[in-house]
Amino acid sequence: MKSQTLKENKDFRRLYYRAESKASKTLVTYAMKSRGKGCRYGITTSKKIGNAVERNRSRRVIRAAYSELEGRISGNWDFVFVARHKTSKVKMQEVLKDMEYHFKTMGVIDEND
């Protein structure tokens, strides 16, 4: 099932304050179980990351990494991914590795997958 995107500010705020978070050099992940159907995700990139080109690349890289892991997610979750300064400068595989580690430690995907 394809994930939907978070658009409401209240959803982002709820995840920032209540969700479990993990951080790495390329990505910060907020994850929380949801009562809705399917998974929802949002991506934030601040102006600290760089110009519009770098922010858009960061979003594209995060979206590509998430779509690789999307099929392995068990249950209904809400996610917010916050890009870091390094995100626009690395390949998608590096962000994927960090995201997979975050998901495994938070119990989003199984350890043995």
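This is a predicted model: local features need pLDDT of at least 70, side-chain atom pairs count only at pLDDT 80 or more; totals for chains, interfaces and linings use all residues.
Biologist: What makes strand 4 and strand 5 a pair?
Modeller: Two strands pair if DSSP finds at least two bridges between them. Strand 4 and strand 5 share five bridges in the parallel sense, so they meet that rule.

Biologist: In which sense do strand 3 and strand 5 pair?
Modeller: Their pairing is antiparallel, over seven bridges. In it, Met32 stands opposite Asp78 of strand 5.

Biologist: In what order do the five strands form the open sheet?
Modeller: The order is 1-4-5-3-2, with mixed pairing. Strand 1 (4-5) and strand 2 (20-23) are at the edges; each has a single partner strand, so one side of each lacks a neighbour in the sheet. Strand 1 runs parallel to strand 4, joined to it by two bridges, and Gln4 stands opposite Arg40 in strand 4.

Biologist: How do you know that helix 1 packs on the sheet?
Modeller: Contact means heavy atoms within 4.5 Å, and helix 1 touches strand 2, strand 3, strand 4 and strand 5. The direction of helix 1 makes about 85 degrees with that of strand 5; axes are lines fitted to C-alpha atoms, for helices over the stretch in contact, and angles run from 0 to 180 degrees between N-to-C directions.

Biologist: Why is strand 5 called largely enclosed?
Modeller: Buried means under 20% relative accessible area, exposed over 50%, and partly exposed in between (1.4 Å probe, protein chains only). Six of the seven residues of strand 5 are buried, so the rest of the structure largely encloses it.

Biologist: Why is the unit of strand 4, helix 2 and strand 5 given its handedness?
Modeller: A crossover is right-handed if, with the strands pointing away from the viewer, the path from the first strand over the helix to the second runs clockwise. This β-α-β unit is left-handed.

Biologist: How close is the reach of helix 2 to what is expected?
Modeller: The expected span is 1.5 Å times one less than the number of residues. Helix 2 (52-69) has 18 residues and reaches 26 Å from first C-alpha to last, close to the expected 26 Å.

Biologist: Which residues of helix 2 are buried?
Modeller: They are Arg55, Ser58, Val61, Ile62, Ala65, Tyr66 and Leu69. These cover an arc of only 130 degrees around the axis, which puts them on the same side of helix 2; the arc is that of the directions from the helix axis to the C-beta atoms. Val53 and Glu68 are exposed on the other side.

Biologist: What covers the buried residues of helix 2?
Modeller: The cover includes strand 3, strand 4, strand 5 and helix 3 (92-106).

How values were computed
Residues are numbered from 1 along each chain as its sequence is written. Side-chain values use heavy atoms; hydrogens and water are left out. Helices (H or I, at least four residues) and strands (E, at least two) are DSSP runs, numbered from the N terminus.
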